[in-house]
Structures are given as C-alpha cells and as structure tokens.
Amino acid sequence: MILLDEAVDRFARAARAYGVRLDPWKRRGRAQTLISEVEAAISPLLLPAELRAFWSSWNPATAQPPVFDGFIPLDQIAERYEIDCPPCPAILLPIADWTHGRVWIELATGAHPGGRILHSYHDESEVTLWTFGISGLLDLVSLAFEQDFIDDRTGSIDPQRMESIIESALDESLPEGSARRFEAVDRSLFPSHWQRAEGITSDHFALRGESHTVSSFRLAREVGDHVSATLVGTFQTSVGGGPLHGCVGTFEDSTGSLQVFVPQVTAVHGAVGRGGAVEIDVVAVAPNGSALDSLSAKRDLEHVVAGGLLNYGNDMIIRLFEQMKYLDTSIVVTALRPIR
C-alpha cells in the first residue's frame with residue numbers, strides 16, 4: 001500500500017532523532033498467529049485492510065514513547081479489547097495508550113470499511129476523530145516529531161500541540177460541519193453502523209414501563225427468592241465485577257437504592273441517558289451463592305437474557321450463578337434503556 005509505505009518511511013526519518021524505531025517482524029509466522037488471535041476476538045467484525053498490512057509487516061510494540069505511551073503490543077490487543085466496563089463500542093479496537101486515554105481504530109464491517117482513528121479520555125463518554133487510517137496516524141506522529149512537539153516532563157507528545165495538528169488536518173480534509181465527536185457509552189446515540197455492528201435494532205431501546213419501584217421490589221423479594229422487574233430511575237457504575245465480566249453499580253429511584261450487577265453482555269447492549277436516567281430490567285436471584293438451587297430463577301434469567309439481548313448459553317448462565325457469591329449483590333441487570 002503506497003500511502004502506508006510512504007507514512008512508514010516518513011515516520012522512520014522523523015523518529016530517528018528521538019531514538020524511536022519501528023522494526024519489521026523477525027518472525028512473520030508469529031505476526032500472522034497474533035493477527036489471527038485478534039481477528040478471532042473481534043469476529044464478525046474485520047480488521048481494516050491497511051491495519052492488517054501494517055501489522056503483517058511491522059511490530060507495533062517496537063514503537064515506544066514518545067510515540068504516545070507506546071503502541072499496544074499485538075499479543076495484548078485481544079485482552080485489552082474486552083476489559084472495559086462500561087465497554088467501548090465493539091467496533092473500536094484499542095491500539096495505543098496516551099495521556100490518561102486511549103487511541104482507537106474503527107473496525108470494518110461488511111458494509112463499512114472502517115479505518116478511522118479516534119481518541120478518548122478515560123473520564124469522558126465520547127471519542128474524538130483524529131484522522132483516517134494507520135498511515136494518517138503515522139503522519140500525525142511524524143509531524144509532531146518534525147516540529148519537536150514533545151513534552152519534556154512526560155517524555156511524550158504534548159497534548160495541546162497534538163490537538164492543534166489534528167484540528168488543522170481535519171479542517172483541510174473534512175467537509176464543513178462534519179461530526180468529529182461520537183458517543184462511546186450510550187448505545188442509543190451510536191452512529192447507525194456502530195449499532196448494527198452490535199446487533200442493535202430500531203426498537204431495541206423502546207421503553208416498556210415500570211413494573212416495580214425499588215421499595216416494592218424489595219417487598220416482593222421478601223416473599224420469594226426470585227423476582228423479575230422493570231424499574232425506572234438512575235444508574236451509575238461504581239466498580240468492575242471482579243471475577244465476573246461486568247460491573248457493579250447503584251440504581252436509585254425516589255423510594256430507595258439497590259446495588260446491582262451488570263453483566264458485560266448487558267452493558268454492551270445497554271445505554272445510560274443524560275443524568276443516568278434509565279429503565280432497567282432486573283432479575284433477583286437467591287443470595288449467598290445458592291442461586292443454582294432456585295431453578296425458577298435460572299430459567300427466568302436464561303429466558304430474559306436469551307430472548308432480549310445476547311444468548312449467554314447454558315454454561316455461561318450456570319457460571320454466572322456460581323460466581324454470584326463473589327459479589328455483594330444478587331440482583332442482575334438484563335437490560336438498560338435510556339430515558340430522554
């Protein structure tokens with residue numbers, strides 16, 4: 001690819017003064033194995049053609065600071081793709097860390113080539129467009145090196161100067177009024193092809209109506225081990241789920257609050273509205289790790305998850321119930337829908 005070859009050559013010249021190298025793979029077979037592992041993790045999404053060509057020829061792990069905080073090594077990409085909660089869009093793949101944030105590349109679908117480069121800070125719910133393709137990213141870094149935009153305190157590219165480079169480049173390449181920032185947490189606000197990549201349909205976030213308040217939900221739990229309900233209130237994530245894939249958060253309405261566990265598949269297909277206003281579906285299971293004894297709770301959770309969002313499969317559901325004892329809550333969220 002001509003643009004990629006030119007960008008790599010320019011990068012090599014610009015980075016040399018900072019002792020930075022982008023080395024070719026010593027073992028091409030190893031590169032193909034690692035690429036295959038990433039492809040398996042992102043399936044059915046696809047690597048953009050230019051990214052695959054770049055990874056096939058060059059070892060990204062050799063490009064270290066001041067190239068951001070370094071490109072993420074290829075053998076860590078698949079793991080890093082799956083650890084966030086709430087998770088970033090499935091269509092975004094992390095390729096570098098930088099200044100309390102992350103650099104992403106947009107994956108390809110059957111109907112969209114992907115390839116856009118974006119950045120997000122860990123405390124923000126949006127991602128910002130930077131450029132197009134790995135070649136465009138390498139050109140941005142090369143320009144920063146050529147102009148010595150390095151922050152001596154951090155040993156990395158200066159964020160404010162980098163932002164000025166990015167804005168100038170986008171002003172030249174984008175039509176006036178083009179979007180440069182995109183929602184990255186609330187699935188209901190995703191671009192349409194990001195939603196399609198996650199199986200989100202037009203009626204996915206249709207509100208169903210409240211069946212319980214927090215107070216009446218608690219009363220219902222006193223009658224039996226297992227209760228399913230639709231609640232309306234606010235939700236805020238607090239911590240990751242530890243041994244479980246997901247996150248623990250607090251749900252509140254005017255009658256009280258609940259600590260709830262949001263499995264990763266629910267978070268992926270969920271959304272939190274402005275101010276955290278949300279309608280949630282929940283299933284309360286028997287506490288203290290005894291949920292497997294509650295067959296009605298197991299059947300209910302299996303039915304709601306499989307019928308509403310993604311299919312855990314029986315093994316995943318059983319594992320979820322077995323591991324609930326590690327959490328301080330026995331209330332599982334099976335759907336999150338924003339309230340506007």
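This is a predicted model: local features need pLDDT of at least 70, side-chain atom pairs count only at pLDDT 80 or more; totals for chains, interfaces and linings use all residues.

Helix H1, which covers residues 2-16, and helix H5, which covers residues 133-146, have axes that come within 9 Å of each other and cross at roughly 25 degrees. Angles under 35 degrees count as roughly parallel, and H1 is therefore roughly parallel to H5. The way in which H1 passes H5 is a left-handed crossing. On the side of H1 the contact is made by Leu3, Leu4, Ala7, Val8, Arg10, Phe11, Ala14 and Ala15, while H5 contributes Ile134, Ser135, Leu138, Asp139, Val141, Ser142, Leu143, Phe145 and Glu146. Sorted by class, this contact of H1 with H5 holds 12 nonpolar, 2 polar and 3 charged residues.

H5 also meets helix H3, and here the axes come within 7 Å and cross at roughly 65 degrees. Because angles of 65 to 115 degrees count as roughly perpendicular, H3 and H5 are described as roughly perpendicular to each other. In this contact Glu50, Leu51 and Phe54 of H3 meet Gly133, Ile134, Ser135 and Leu138 of H5. By class, the contact of H3 with H5 has 4 nonpolar, 2 polar and 1 charged residues.

A further pair to find is H2 and H4, whose axes come within 8 Å and cross at roughly 10 degrees. That angle makes H2 roughly parallel to H4. From H2 the contact draws on Arg30, Ala31, Leu34, Ile35, Glu37, Val38, Ala41 and Ile42, and from H4 on Leu74, Asp75, Ile77, Ala78 and Tyr81. When these residues are sorted by class, the contact of H2 with H4 has 10 nonpolar, no polar and 3 charged residues.

Which residues line the largest cavity? A search of the whole structure finds 1 cavity of 30 Å³ or more, and the volume of the largest cavity is about 40 Å³. Its lining is made of Leu51, Phe54, Trp55, Pro60, Phe71, Ile72, Ile77, Ile95 and Ile134. The largest share of this lining, 3 residues, comes from helix H3, which spans residues 49-57. By class, the lining divides into 9 nonpolar residues, with no polar and no charged ones.

In the loop between H2 (28-42) and H3 lies Pro44, and a cis peptide bond with an omega of about 10 degrees joins Ser43 to Pro44. Another cis peptide bond, again with an omega of about 10 degrees, joins Pro65 and Pro66, and Pro66 lies in the loop between H3 and H4 (74-81). Phe68 is found in the loop between H3 and H4 too, where Phe68 has a positive phi of about 55 degrees although it is not a glycine.

Finally, turn to strand E4, residues 126-132, where Thr128 has its place. Thr128 and Arg181 are 53 residues apart in sequence, yet their C-alpha atoms are 4.5 Å apart in space. If neighbours within four places in sequence are left aside, Thr128 is in contact with Ile117, Leu118, His119, Arg180 and Arg181.

How values were computed:
Residues are numbered from 1 along each chain as its sequence is written. Side-chain values use heavy atoms; hydrogens and water are left out. On a 1 Å grid over the protein atoms alone, a cavity is a set of points where a 1.4 Å probe fits but cannot get out, and a pocket is an open set with protein on both sides within 12 Å along at least five of seven lines; lining residues have an atom within 4 Å of a point. Grid points are joined across faces, edges and corners, and a volume is the space filled by probe spheres set on the points. Helices (H or I, at least four residues) and strands (E, at least two) are DSSP runs, numbered from the N terminus. Ala, Val, Leu, Ile, Met, Phe, Trp, Tyr, Cys and Pro count as nonpolar, Asp, Glu, Lys and Arg as charged, and the others, Gly among them, as polar. Axes are lines fitted to C-alpha atoms, for helices over the stretch in contact, and angles run from 0 to 180 degrees between N-to-C directions. Angles under 35 degrees count as roughly parallel, over 145 as roughly antiparallel, 65 to 115 as roughly perpendicular and the rest as oblique. A crossing is left-handed if the near helix is turned anticlockwise from the far one by less than a right angle, and right-handed if clockwise. Contact means heavy atoms within 4.5 Å.
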